[in-house]
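Please look over the sequence and the structure below. Some questions and answers on helix packing and charge pairing follow.

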Amino acid sequence: MVSLISFLAVLLIFFSIDVRSRDSAASKPWQASLFEWSSRIGGVATAFSLALGWVDLFLPDDSTVIHVMFVAGPGSLAVLCAIVLGLEMLWQREDPS
């Protein structure tokens with residue numbers, strides 16, 4: 001669980017930097033909105049998963065109320081959003097002419 005929490009912390013830093021670097025123009029193409037929203041959703045899912053994992057870390061093992069899926073579900077959504085943002089680099093690549 002500790003390694004998962006460490007991974008989620010790094011992912012949360014990535015999403016925070018990504019969200020802050022985006023401009024929110026009123027008229028933009030659909031793919032720019034897709035990447036902006038995937039960054040926001042990924043950040044929220046990462047924060048939620050990180051908070052649950054952190055709480056679970058300090059609960060006694062015999063009375064754990066937080067199941068692994070409560071951490072892995074939003075964490076998987078966050079990783080999926082990070083993959084979408086990784087595809088943004090391919091989408092935004094300019095044609096070298």
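Q: In which crossing, left-handed or right-handed, does α1 pass α2?
A: This is a predicted model, in which local features need pLDDT of at least 70, side-chain atom pairs count only at pLDDT 80 or more, and totals for chains, interfaces and linings use all residues. Residues are numbered from 1 along each chain as its sequence is written, and side-chain values use heavy atoms, leaving out hydrogens and water. Helices are DSSP runs of H or I with at least four residues, numbered from the N terminus. A crossing is left-handed if the near helix is turned anticlockwise from the far one by less than a right angle, and right-handed if clockwise; for α1 and α2 the crossing is left-handed.

Q: How are α1 and α2 oriented to each other, roughly parallel or roughly antiparallel?
A: The axes, lines fitted to C-alpha atoms over the stretch in contact with angles from 0 to 180 degrees between N-to-C directions, cross at roughly 150 degrees and come within 9 Å. Angles under 35 degrees count as roughly parallel and over 145 as roughly antiparallel. The two helices are therefore roughly antiparallel.

Q: Which residue forms a salt bridge with E36?
A: A salt bridge needs a side-chain nitrogen of Lys or Arg within 4 Å of a carboxyl oxygen of Asp or Glu. The closest N and O atoms are 2.7 Å apart, and the partner is R40.

Conventions:
Angles under 35 degrees count as roughly parallel, over 145 as roughly antiparallel, 65 to 115 as roughly perpendicular and the rest as oblique.
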